[in-house]
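Have a look at the fold, then read on.

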Amino acid sequence: VCHCLWDQLGLRERLVSEGVPESVLPLMEALVIGRLVSPGSELHTWNWAEYRSALYELTGRALRASLNSMYRAGDRLFDCKDALESHLAERERDLFDLPERICLFDLTNTYFEGQAAANPKANRGHSKEKRSDCKLLTLALVVDEGGFAKYSRLYPGNQAECHTLQQIIESLVALRPNLAQDRTIIIDAGIA
């Protein structure tokens, strides 16, 4: 079912248009479908795809299906985030005839276990989960009135909500100009 949805959404073609080699596509599909069917880390997903799934019989086997290749495929998938997000938002609008008259903006943060020394966005800030002992990462999300995601962005954990609004709007207008006209925007008090 997930493989059919992957094909119907045109994700393969979109990734190829972003310069992703055909040999990496089975790993990317395994990462996405693995998170839906058997959520876990890349190691868990790799084991699931290799030993507990017949996914590669449908997608074809990756040229190199090692764990390191899975990590690199995940990084490359993240590099295509804006293009995929835009593509999926357009497909959702067409499939479900979404009016997209209302956009809801919200920010939240999550914490890292450990030092997160290699992550430049991991910073100490005000934790909504009361974890002042951990470094944080802030997530901005824009959804329409049906709850369909239209845009997301990661910010440093010490980013004040009021300082992200202009960045979110400028980035959203650049990526999705059709959402910049005739919309009602709803934001929470922290952003306002």
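Buried means under 20% relative accessible area, exposed means over 50%, and partly exposed is whatever falls in between, using a 1.4 Å probe and protein chains only.

Some ground rules. This is a predicted model, where local features need pLDDT of at least 70 and side-chain atom pairs count only at pLDDT 80 or more, while totals for chains, interfaces and linings use all residues. Residues are numbered from 1 along each chain as its sequence is written, and side-chain values use heavy atoms, with hydrogens and water left out. Helices (H or I, at least four residues) and strands (E, at least two) are DSSP runs, numbered from the N terminus.

**Around Cys134**

Cys134 sits in the loop between strand 1 and strand 2 (136-144). What does Cys134 touch, not counting residues up to four places away in sequence? With contact taken as heavy atoms within 4.5 Å, the answer is Tyr111, Phe112 and Arg124. Glu113 is 21 residues from Cys134 in sequence, and their C-alpha atoms are 6.7 Å apart in space.

**Helix 3 and its neighbours**

Helix 3 covers residues 25-37, so to speak 13 residues, and reaches 18 Å from its first C-alpha to its last. That is close to the 18 Å expected at 1.5 Å a residue, where the expected span is 1.5 Å times one less than the number of residues. Its buried residues are Leu25, Pro26, Leu27, Met28, Glu29, Ala30, Leu31, Ile33 and Gly34. Those buried residues of helix 3 pack against helix 1 (2-8), helix 2 (11-17), helix 4 (42-52), helix 5 (55-59) and helix 6 (67-79).

Take the pairing with helix 6. Helix 3 and helix 6 pack at an angle of about 80 degrees, with their axes 9 Å apart. Axes here are lines fitted to C-alpha atoms, for helices over the stretch in contact, and angles run from 0 to 180 degrees between N-to-C directions. That makes helix 3 roughly perpendicular to helix 6; the label covers 65 to 115 degrees, with under 35 roughly parallel, over 145 roughly antiparallel and the rest oblique. Helix 3 brings Leu27, Met28, Leu31 and Val32 to the contact, and helix 6 brings Ser69, Met70, Ala73, Gly74, Arg76 and Leu77. By class, the contact has seven nonpolar, two polar and one charged residues. For that count, Ala, Val, Leu, Ile, Met, Phe, Trp, Tyr, Cys and Pro are nonpolar, Asp, Glu, Lys and Arg are charged, and the others, Gly among them, are polar.

**Helix 7**

The 16 residues of helix 7 should span 22 Å at 1.5 Å a residue, and the end C-alpha atoms are 22 Å apart, which agrees. Lys81, Ala83, Leu84, Glu85, Ser86, His87 and Ala89 are the buried residues of helix 7, and they pack against helix 2, helix 6, strand 3 and helix 8. After helix 7 comes Asp97, whose phi is positive, near 50 degrees.

**Salt bridges**

Side chains of opposite charge can pair when their charged atoms come close. A salt bridge is a side-chain nitrogen of Lys or Arg within 4 Å of a carboxyl oxygen of Asp or Glu, and the structure holds 14 of them.

| Pair | Closest N to O distance |
|---|---|
| Glu100 and Lys150 | 2.7 Å |
| Glu100 and Arg176 | 3.8 Å |

Asp82 lies in helix 7 (residues 81-96) and Arg153 in strand 3 (residues 149-156), so their bridge ties together parts 71 residues apart in sequence. Asp82 is partly exposed, with a relative accessible area of 27%.

Glu100 forms a salt bridge with Lys150. Glu100 lies in the loop between helix 7 and strand 1 (102-111) and Lys150 in strand 3, so the pair ties together parts that are 50 residues apart in sequence. Both Glu100 and Lys150 are buried.

Glu100 also forms a salt bridge with Arg176. Arg176 is in the loop between helix 8 (161-175) and strand 4 (184-187), so this pair ties together parts that are 76 residues apart in sequence. Salt bridges that share partners join Glu92, Glu100, Asp144, Lys150 and Arg176 into one network.

**Positive phi**

Most residues other than glycine have a negative phi. Glu100 has a positive phi of about 50 degrees although it is not a glycine, and at 2% relative accessibility Glu100 counts as buried. Lys130 has a positive phi of about 60 degrees, and at 68% relative accessibility Lys130 counts as exposed.
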